[in-house]
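Before reading on, please take a moment to look over the chains shown here. The paragraphs that follow lead through them step by step.

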Amino acid sequence: MTRGGALAVGILLVCAAGVAAAVALAWHPEIDRITPPAPGSFDRYFVAEGEDLAKLGNCAGCHTNDPSEPLAGGRALDTPFGKVFATNITPHPDDGIGAWSGEAFERAMRRGIARDGTQLYPAFPYDHFTHATDHQIEALYAWLMTRRPIAGRAPETRLAGIYGFRPVVAAWNALYLNEGPLPADASRSSQWNRGRVLAEGLGHCGGCHTPRNRFGAEDIARAYNGAWTEGWYAPPLNAHSPAVRPWTPDELFAYLHTGLAPHHAAAAGPMAGVTRALAQVPDEDVRAIAVYIASLMADAPASKHDQPQPVDRLDVAQQQHPDAAALYAGACATCHDPGAPMMQLGRPVLSWGTPLHEDNPHDTVRIIMQGLTPPGGASGPTMPAYADMLSDQQVQDLAAYLRTRFTDKPAWSNVPAAVAEARK
Amino acid sequence: MKELARRAFLANALVVTFALSRSALAQGSGTKLPQSLAKTPELDAWIRVGADGTITVFTGKAELGQGIRTALTQVAAHELAVLPKQIDLVTADTARTPDEGVTAGSHSMQDSGTAILNAAANVRALLAEAAAWQFAIAPGQVEMRDGAAHAPDGRQIGYGELAASLSLEVAVRLDMPRRQGGKSVIGQDLPRLDIPAKVSGGEAYVQDMRLPGMLHARVVRGPSDGTKVKAADVAAVEKMPGVVKIVRDGGFMAVIADHEWRAVKALHRLQASGWERTEPPIAAADLRETIHRLPAQDMPIFDYPGPASPADARSIRVRYSRPHLMHGSIGPSCAMALWENDGMTVWTHSQGVYPLRKALAELLKLDLEKVRCIHVEGSGCYGHNGADDVAADAALAARAVPGKPVRLQWMREQEHGWEPLGSAMVVEMAAELDGNKVASWRHDVWSNTHSTRPTTAGGLLAGREVDPPFVPPKPKPIPMPEGGGARNGNPIYALPNAHGVFHFVEQMPVRVSALRGLGAQMNVFAIESFMDELALATDTDPVAFRLAWLKDERAREAVQRAANRFDWRRRGDGGDGSGTGFAFARYKNLASYCAVAMEVRVDRDSGEIHVPRVVAAVDSGEAVNPDGIRNQIEGGIVQSLSWTTREAVGFDKTHRTSFDWSGYPILRFPSVPGRIDVEVIDRPNQPFLGAGEAAQGPASAALANAVAHALGRRLRDMPLSPERVKAALRPVPVVTKQAAG
Amino acid sequence: MIKLTVNGRAHQVDVDPDTPLLYVLRNDLELNAAKFGCGLGQCGACTVLLDDKPVFSCLVPVATLGERKVRTLEGLPKTLPAAFEAEQAAQCGYCIAGMIVRAQALLERNARPTEEEVRSHMAPNLCRCGTHMRILRAVRRAAEAMGGGVRDVAEQK
C-alpha cells in the first residue's frame with residue numbers, strides 16, 4: 001500500500017470510527033411496547049406521591065394546552081431554534097405514553113430518549129429531570145399511567161437547519177448532560193439537600209432562571225444569573241438578585257406556596273402557574289426548596305442590607321410624569337394606595353416588588369397589560385388586565401412613572417420596545 | 001245629607017249582599033285575619049281608587065329583584081278586574097303603606113299577596129254594589145271588567161266614578177268571594193314590570209337616584225367588623241378639594257364631598273394611617289368548630305314518639321357542617337338621606353322600612369313621625385346585608401348638612417367586611433336501622449342566631465359607634481315553626497322515634513344575621529345527605545327511600561315529577577367521576593315544596609365539579625307568575641351551587657380575609673350548570689306559598705348526593721371545593737411517606 | 001375641562017382628571033346603566049365599550065380617554081336589551097347592563113360563537129342572583145336576531 005493509500009485508509013478508518021462513535025452516541029434502541037398497565041395495578045399512595053411530584057415539576061405547565069384535555073400536549077414552546085411542541089403524555093397507547101414501560105419512561109426522564117429511540121429536544125428539561133431519584137421517577141410513572149388517556153398527537157416539531165436533525169442532540173448531551181442523581185452535600189442539612197434535589201431535579205428552576213449559551217444549554221458558570229422565557233424575565237436567584245427585601249426561607253415559602261410574598265409581590269407571569277401548582281405540593285417539599293433557593297441568595301445585597309423603608313417619590317414622579325400621575329391615581333391607586341383595601345390588609349408596597357428593580361421594564365409592562373387572574377375562579381391575588389384600557393403610550397408612561405416613583409434606580413431605556421413586544 | 005243616606009243604604013245593602021253571596025272563599029284561614037290584614041284591616045290602606053280611575057295599591061313589602069312588584073300587581077289586577085297597567089303599586093314606605101314588617105322569609109306572597117287579594121276582592125265587591133245600585137239591577141248581574149262595571153244592557157260606569165260614591169275606610173272582610181270567570185292574569189307569565197328600566201339605563205335603583213343639591217359621602221371604618229381606623233388625618237383631608245365636611249360622632253366618621261370620586265379619595269386618605277382591632281381576636285380561619293364548642297342553650301325542635309330500637313340495630317352517626325357565608329350583594333349597599341324641616345327622610349333598600357325607622361328614630365333622637373323610610377330597590381340582598389347600616393350612616397351624614405340630600409355608598413370592601421354573615425353551622429345526625437327500616441332518628445344542630453335585624457339603634461353599626469353608644473340587643477333564636485338555626489330541622493318524613501335539638505349559641509365570634517334560607521340550607525343539606533346515606537346503607541334507591549317515608553301528597557308529587565322529568569329511573573351506576581343526586585324539602589315545612597335532581601361530573605385531577613344538568617319541580621300553591629317562580633328557583637339553584645362548591649368566608653386573628661371578590665370567589669359563567677329545567681306545579685285556589693328560598697337546601701344536598709354517587713365517597717363539610725374534593729380522593733397512607741431523595 | 005365622546009356625542013366635563021369614567025358617566029352625564037359594583041375591576045358591573053373593547057369604566061381615568069370612543073348601554077342597538085327582556089333575564093338586574101355591554105362586544109366581533117366561547121367571554125362579569133342561564137339564553141337569542149347564532153360544541157366537531 002502506498003503512503004498516500006495508507007493515509008487515506010487511516011483517515012477513512014478514523015472517519016468510520018467517528019461515525020460509528022457518533023452513531024453509537026446518537027442511535028438508541030427502541031424499547032418494546034407494553035400493554036398499558038391497568039390503573040388499579042398501581043399502589044394508590046404511590047400514585048398520590050407521583051401527583052405531588054407532577055405538581056412540583058409542573059408537567060401540566062408545558063404538556064397541557066386545553067385545560068379540558070390535561071397532559072394531552074400540543075402547546076408550543078418558543079425557543080431560539082424554533083417552536084418545540086410538547087407531546088401527549090397521557091397513557092393513550094398510540095398517541096401518548098400508554099405503551100411505555102417504566103424503563104422507557106426512566107430513559108426519557110434521564111436521557112431524553114423516547115420509547116422508540118427518538119432523541120427528544122432538551123426543551124423538555126431532561127437535563128434537570130435526570131437528577132430525580134429512582135423513587136421519584138417511579139412515582140411519577142405511576143401517576144402518569146393512571147391519568148385519563150386522551151387521543152391526539154401534538155404537531156410535529158420541525159426545527160430549522162441542522163437542529164432539525166435530532167441526532168445532533170447527542171452531541172449536545174455529551175457536552176451538557178450531567179446524567180443521574182446528584183450526590184448529597186454532607187456539609188449541608190438534609191432539608192437543604194432535599195430542596196436541592198427538588199429544585200435542580202423535577203423543579204427545574206434553572207430552566208428559566210439560568211441563562212443559556214448559543215446551543216441552548218444552561219450556562220452552569222452563570223447558574224441562576226437570570227434569563228428570559230416567553231417574553232418574561234426570570235430574575236437572578238443568586239448574589240445578583242435585584243430584590244430590595246431579603247428572600248428568606250419563610251418569604252420564599254410563602255411566595256411559592258401561596259403565590260404571594262408578604263414583603264415582595266404576588267407571583268406573576270409564568271410564576272403564577274408555577275406557584276399555583278406548588279400550592280398543591282406538601283409543605284415540607286416547598287419549604288425544602290425555599291431553604292435551598294434562599295441559600296443561593298445568601299450573598300444578594302438585600303440579604304446583607306434589608307431596605308424595608310418603602311420608596312415613594314411622589315412629588316418627583318408627579319413632576320416628571322404628570323399624565324401618568326393622573327393615570328395612576330385613577331387606575332391604580334384604588335388598589336395600590338396606602339388607604340386602599342388590599343394595602344390596608346398588609347399587601348406589599350410596589351417598591352418592594354422585584355419587577356420595578358429589574359434592569360428591564362418587560363415584567364412590569366406585562367403585569368400591567370395582562371394582570372393576574374387565578375384560574376377557574378380560585379381565590380388569590382387578582383389584578384385586572386389593562387391592555388384594552390391603555391394605549392401603548394400610556395403603558396410606557398405608567399411604567400416610567402412607577403420606576404421613578406417607587407425606586408431610586410435610573411430610568412429604563414427600552415420601555416417602548418418592551419410594550420411593543422408585549423402587544424404581540 | 002243625601003250622600004250620607006246613600007252610604008248608609010249601601011252599607012245595609014252590603015250586609016244583605018254578603019249574606020247571599022256564594023262561590024269560593026277568598027284566601028285566608030276561616031275567620032282569623034292573616035297577619036298583614038290583622039295589623040291593617042282598613043281597605044283604603046291597601047287600595048285607593050282615584051276619581052280618574054287610577055288604582056293605587058299599597059304593599060308593605062319591597063321589590064328585592066324577586067319579582068314581587070309584578071306578582072302583587074297581578075293579584076290586584078286580577079281581583080279588581082283591571083289590566084295590570086292600570087295599577088300603580090306603591091311599595092314599602094312608612095308614610096304611605098301598611099306595616100308588613102320585613103320582606104323576608106318568603107312571606108311576601110303569603111302575607112301581602114293574601115292581604116291584597118282579600119282587599120281587592122272587597123273593593124271589587126263594593127264597586128260592584130255601587131254600580132248595581134246606580135244601574136238599578138241585582139249585584140249578581142254586574143260584570144266587572146277592565147276597570148269598569150258593565151250592565152247586561154251595555155251600560156258601564158268607570159271605577160273612578162263609582163269610587164267617588166263610596167268610602168273604602170272600612171275594614172276588610174274575609175268572606176268575600178274571589179273573582180270568577182273573565183280573563184285571569186293570575187297564572188300568566190306577565191313580563192316583569194321592573195325589567196324594562198333595567199335593560200335600558202332607566203332609573204331603577206337607589207344607587208341611580210339624583211336629587212338637587214345632592215352631596216356624596218363615604219363612611220370611614222376599619223376593614224371588617226370588630227375593627228376601627230386609627231389616627232385618621234382629619235385636618236389634612238378637610239383641606240382636600242371638594243371635601244365639604246367630615247362628620248364625627250364618637251367613633252362614627254363619614255366624609256362628605258361635592259363629587260363622588262373626591263369622596264373616595266378622601267376616604268382612602270382617612271384610612272391610610274392604619275387600623276386596629278376593637279374586639280377580642282378571632283379564634284380561627286374557619287369558625288364552625290368554634291361555634292360548635294361555645295356554650296349553647298339546648299332547645300328541642302321536635303320529638304316524635306316511637307318504639308325503642310332493637311338491640312341489634314345498626315347505628316350510623318355522621319356530622320355535616322358549613323362555614324360562614326356572605327350575602328355578597330353585587331351592588332354594595334347605598335342610601336340617600338335628607339334632613340329637612342326637622343325631619344329625616346331616608347331612601348333605602350332595607351328589607352324592613354318600619355323597623356328601620358324605629359331604629360333610626362332612636363339613633364337620631366327623633367319622634368317616630370319625624371322619620372320617613374322609603375324603599376327603593378337596591379341590588380339583590382338575599383337577607384340582612386348592609387342596607388340598614390348604610391341607611392343609618394347616610395342619616396348621620398345628612399344631619400350634618402341640613403337641606404342637602406346625601407348619597408352614601410358603601411365600598412365593595414366595606415360590604416364584604418361589615419355585612420352580617422350567614423352563620424357557620426354544625427349538624428350531627430344519628431339513626432338506627434332495624435333491617436332496612438329507620439328505627440330512630442336524631443338531629444342536633446349548632447348555630448349562632450340567624451337574625452340581628454335592627455329594630456333599635458343598638459342593632460345598627462353606627463349606633464354602636466356614636467357617643468354614647470347604644471347597646472346591641474342580645475341575640476335571640478327565632479322560634480319555630482319559622483325558626484332560625486332550627487329552620488327545617490324537623491324532617492318532613494314521618495320517621496319514628498325522631499328527636500331534634502337546636503343548640504343555640506348566643507356568643508357570636510363574628511357578626512351574623514339572616515342569609516337566604518337561614519338555617520334551612522344547612523339542615524336540609526344534612527337531612528337530605530343523611531337520607532341518601534341511609535338509602536345506601538339499606539341498598540335502596542334514594543328516591544324510593546324518600547317516598548317510603550313521605551306522607552304529604554304534594555311533597556310526593558313534587559318528588560315524583562322531578563324524578564320523572566330527570567329520568568331518574570335510568571340513572572347510571574356512578575363511581576367513575578359521573579354521578580346523579582336527588583334532594584327534596586318543603587321550605588320551613590310551611591312554604592314551597594322543591595325537589596331537585598342533578599347530574600355531576602367530577603374532574604379528579606382538578607377537583608372541579610361540573611354540573612351538566614339540573615331538574616327541579618316546585619309547588620308554590622297557586623302560581624301567580626309561573627315564570628317568576630322559575631326564575632327564583634333557577635337563581636336559587638345557581639346561588640346555592642356557588643355556596644356549596646366554592647364559598648367560605650376566611651378570617652385571621654384580626655379581620656375577615658375575604659375582603660373582595662378575589663378573596664371570596666363566587667361561581668362565574670364557565671362553571672354554572674349546562675342546563676336547568678324547572679317545572680312549576682300550579683295549584684289553583686291553594687294559598688300562595690313563598691318560593692324565594694325554596695331551592696337553597698335541596699340544591700346543595702342534591703349536589704352533595706351526586707358527588708357522593710360520582711366518587712363513591714361522601715363529603716359532608718361545605719364547601720365541596722376543589723381542594724376538599726381532592727383531599728377526599730387522596731388516600732391517606734398508614735405508614736409515613738418515604739422521603740424524596 | 002376634559003373632553004370625552006360618549007355614545008357618539010362630545011361632552012366636556014369639569015372633573016378631576018383622575019376621575020374614573022364610571023363616576024363621570026353616572027354623575028356628570030347622568031347615564032345610569034354602568035354601575036358601581038366594586039371599583040376594583042373584579043365584577044364587571046361598570047362595563048362599557050372603549051373603541052369596541054369591553055373595559056371596566058371604574059378603572060379608566062377620564063383624562064386618559066383622548067379621542068377614544070366610549071359606548072354605554074344607552075348607546076347600543078336594542079337587539080340585546082330586547083332579547084334580555086324577552087327572556088326575562090334578570091332577577092335584581094343590577095349586573096344586567098354590564099352583561100349586555102360585554103355581550104355586545106362579543107357579538108360584534110363574532111356572530112357565531114360557541115356556547116363555551118360565550119361563557120368564557122362573559123366570565124369577567126359576576127351575577128350573584130344566579131341569572132346566568134337566562135343571560136346565556138338572551139345572548140343566544142340576540143345572536144340569532146343579528147343573523148348569527150350560538151353554536152353548541154357538538155355542532156362544531
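**Where the chains and domains meet**

Where chain B and chain C touch, 48 residues of chain B and 45 residues of chain C take part in the contact; please keep in mind throughout that this is a predicted model. On the side of chain B that touches chain C, the helices α6 (195-198), α8 (260-271) and α17 (626-646) of chain B each supply at least two residues, and α17(B) gives the most, with eight residues. If the residues of this side of chain B are divided by class, one finds 18 nonpolar, 18 polar and twelve charged residues.

Chain B also touches chain A, and in this contact 27 residues of chain B meet 26 residues of chain A. The largest share of the side of chain B that touches chain A comes from α8(B), which gives four residues. By class, this side of chain B has ten nonpolar, eight polar and nine charged residues.

Turning to chain C, the domain assignment gives domain 1, covering residues 2-75, and domain 2, covering residues 79-156. How far apart do the C-alpha centres of these two domains of chain C lie? The centres are 22 Å apart, and the domains of chain C are in contact through 14 residues of domain 1 and 13 residues of domain 2. On the side of domain 1 of chain C that touches domain 2, the elements that give two or more residues are the strands β3 (47-50) and β4 (53-56) of chain C, and the largest share, three residues, comes from β3(C). The residues on this side of domain 1 of chain C divide into nine nonpolar, two polar and three charged.

Finally, we can look at a pair of helices in chain C, namely α2 (residues 79-86) and α3 (residues 96-109), whose axes come within 10 Å and cross at roughly 130°. Because of this angle, α2(C) counts as oblique to α3(C), since an angle has to be over 145 degrees to count as roughly antiparallel, while 65 to 115 degrees counts as roughly perpendicular. The crossing of α2(C) and α3(C) is right-handed. Which residues meet where α2(C) and α3(C) touch? From α2(C) come C:Leu80, C:Pro81 and C:Phe84, and they meet C:Ile96, C:Ile100, C:Ala103 and C:Gln104 in α3(C). Sorted by class, this contact of α2(C) with α3(C) has six nonpolar residues, one polar residue and no charged residues.

Terms used:
Residues numbered from 1 in each chain as written. Chains lettered and ligands numbered in written order. Predicted model: local features only at pLDDT ≥ 70, side-chain atom pairs only at ≥ 80, totals over all residues. Contact = placed C-beta atoms within 7 Å. Nonpolar A, V, L, I, M, F, W, Y, C, P; charged D, E, K, R; others polar. Axes fitted to C-alpha atoms, helices over the stretch in contact; angles between N-to-C directions. Parallel < 35°, antiparallel > 145°, perpendicular 65-115°, else oblique. Left-handed = near helix turned anticlockwise from the far one by under 90°. Domains from an automatic or database assignment.
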